[in-house]
Structures are given as C-alpha cells and as structure tokens.
Amino acid sequence: MALVLLDGKALAQPEPQTQVHRASPHQAQWHTFEGRSGCHLVHEIESVGTALISYRHTDGRQFLSFFARTPPRSQREGDLYISEPSWGSDRRSHIERLMVHPHQRTLRFSNRTTNRLLDALRQGLEPQFNYASGHSDQEVKVALTPAAFQNAHRHYIECIDRHERVDAGTASRGAVIPGRTGEAMADSEGGIWEGSLPRLPRGPRAEIYFATASDDLTRDAINEIRDFVRDLEDNPHWGVILSIGYADTRGSPQANEQLARQRAERVRDELVRLGLPERRINIEARLLESDELEEDTYELAKNRRVELRTAL
C-alpha cells in the first residue's frame, strides 16, 4: 500500500495489481523440433505469448526470446527472477534487469543467460519475467513452468546431437512437417510434437518488386532488402532465408521460370553483399497457377516479385 499526501493528509493508494501468466502444471507443454538451421524448444502460454529457445549449430550458441501477443507500447525495463515453482515456496532470486521491447520479440536473452535459465528449468525451478504492461497500471509476470520440461529437453539434446551428426555426414535430415516452420528430427519417421501444436512466432519477411521483364533492383527494392537484413540481424532464431522468385503470366512458362529464378538470384546476391552468408539462402522459382491469372496492370505488377521468407 502506497501513501499519497493530499492537503497535508496521507491517503492510502492501492499497489498496482500483478497479473501472473503461466501454464498450469496439468496443461503445460514444451515441444522440441529440428529446424533447418538448428534445434528449438517452444513453450506457449495461451493468450499471452510464446517462449522460443534456439540452438544455432553454426556457432553452438543458444538464445531464448519471449514473443508477447501484446507487447508494451514503448521500450521499458523489467526484471528477471528464478523462483520456486508455483506449487513450491514463494522464494525467488533476482538475476538481472531486462530491456522490454515494444515489438513481437519482446524479451531477448543472451547465450549466457539462456544457459542459466535452461539450468534452472532442469532443476525444477521457474524463470519469471516481470514488467509493466504499458496498457494499464498492472505489472505483468510471465512464468515459464518446469512442468513437462524434462522430456522435451531430452529431445532437444538429442536433436542437437543429430544435427551435429548430419553435418558430419553420419545422419540424414527428417521430412518437413506440413504447414510448419520446423522439421522432423533427423533419423525419425515424422514430427516429435506432443499434444496440441504451439503457435510459432513469424520470422522476418519482405516482398521485393520488379519492372516488367527485368531483374534489376530499384532503389526502393534495395532499401526493402536492407530493412529485411536489419530485422533478421535482430532475430537470431531464424537461420535460413528463402528467396522465392515470381514472374507475371505474360510470356512462356519456360521464360517466366527463368526470369523468376534470375530475380531470386539477384536478391540473394544483394543479401550476400550486405553481409549474409550465401549458405543460409535458398533459391526457388515459382510459376503462378491458372487461377492466379492477372486481370489488370496492378495484379501484373504485384506478381513481378521476390518473396523473402525465413525458416527456423
């Protein structure tokens, strides 16, 4: 209870309420999947957000981020704690101050802090993130429950080992899970999802447009690619870039496919010039379906493009 002076009198002010957001022990789910560039652990807190932990096998680093459904309206600070789980005592230790971002990727943790939080979860402890919501006077508390973590973490470690064996040529890749960003684990017959599929955050994306019968990059196109690269550098979870070229339907299918590929390659070359490793970029050319035929010049222009997409 806070005190406020009014005309020389102290009036009691109620403290801001704290919202506690966590999955209940009976409903909590952690999922592991192998992506194209590493292994991932994901935990969704319904209606609040998704925690994503990624292992990047290119450098062995791990990153934890929390993607809030409703980020604060402005940048602010918060606090990271490690606590006893909700069914234990209320003891907790303060770990560090947090920077809370007004973006989808609201909370971002370094490799060092991510490893510390993974250790806590393995020990049955509960990481907690506290910050003011920015949409009310309430303080938001997001807790990552250790319930159901151990089994998913075991799959995560197996995934890391398999990924390293894929690089060494002693294991094969799994099949893509239809409609998902992730892939099945190597040497497995399918996905290792348990229960309901979590809602994965969407990675950086952009669309680059071209003039008729051209693969030249305009100034606007180059600026769009630069913005995409900055967004990608700010999101270390997404390790693979898809450069998907299209052409409008005028001309033969063979000529259109060649032009679509040239556009995708031109965008790839610009990404490499801006510092992205070429090995991270996959090229694809796609022809439009018959039901996508353009009816006006606007639709023709819209189809002369390269889509930049990202995969985990």
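Predicted model: local features only at pLDDT ≥ 70, side-chain atom pairs only at ≥ 80, totals over all residues.
Local features need pLDDT of at least 70 and side-chain atom pairs count only at pLDDT 80 or more, while totals for chains, interfaces and linings use all residues. Residues are numbered from 1 along each chain as its sequence is written, and side-chain values use heavy atoms, with hydrogens and water left out.

Start with the sheet. Helices (H or I, at least four residues) and strands (E, at least two) are DSSP runs, numbered from the N terminus. Five strands form an open, antiparallel sheet, ordered S4-S5-S6-S7-S10. Its edges are S4 (30-34) and S10 (105-109), each pairing on one side only. Two strands pair if DSSP finds at least two bridges between them. On average, neighbouring strands are turned by 20 degrees against each other, direction ignored. Axes are lines fitted to C-alpha atoms, for helices over the stretch in contact, and angles run from 0 to 180 degrees between N-to-C directions.

Now look at S7 (residues 61-68). Four bridges join S7 to S10, and the two run antiparallel. Leucine 64 stands opposite phenylalanine 109 of S10. Helix H1 (residues 111-122) lies across S4, S5, S6, S7 and S10, at about 80 degrees to S7. Contact means heavy atoms within 4.5 Å.

Move on to helix H4 (residues 253-273). Its 21 residues reach 30 Å from first C-alpha to last, close to the 30 Å expected at 1.5 Å a residue. That expected span is 1.5 Å times one less than the number of residues. Buried residues (under 20% relative accessible area; exposed is over 50%, partly exposed in between; 1.4 Å probe, protein chains only) of H4 include Leu259, Arg263, Val267 and Leu271. Their cover includes helix H3 (219-233) and strand S14 (240-245). After H4 comes glycine 275, with a positive phi near 110 degrees.
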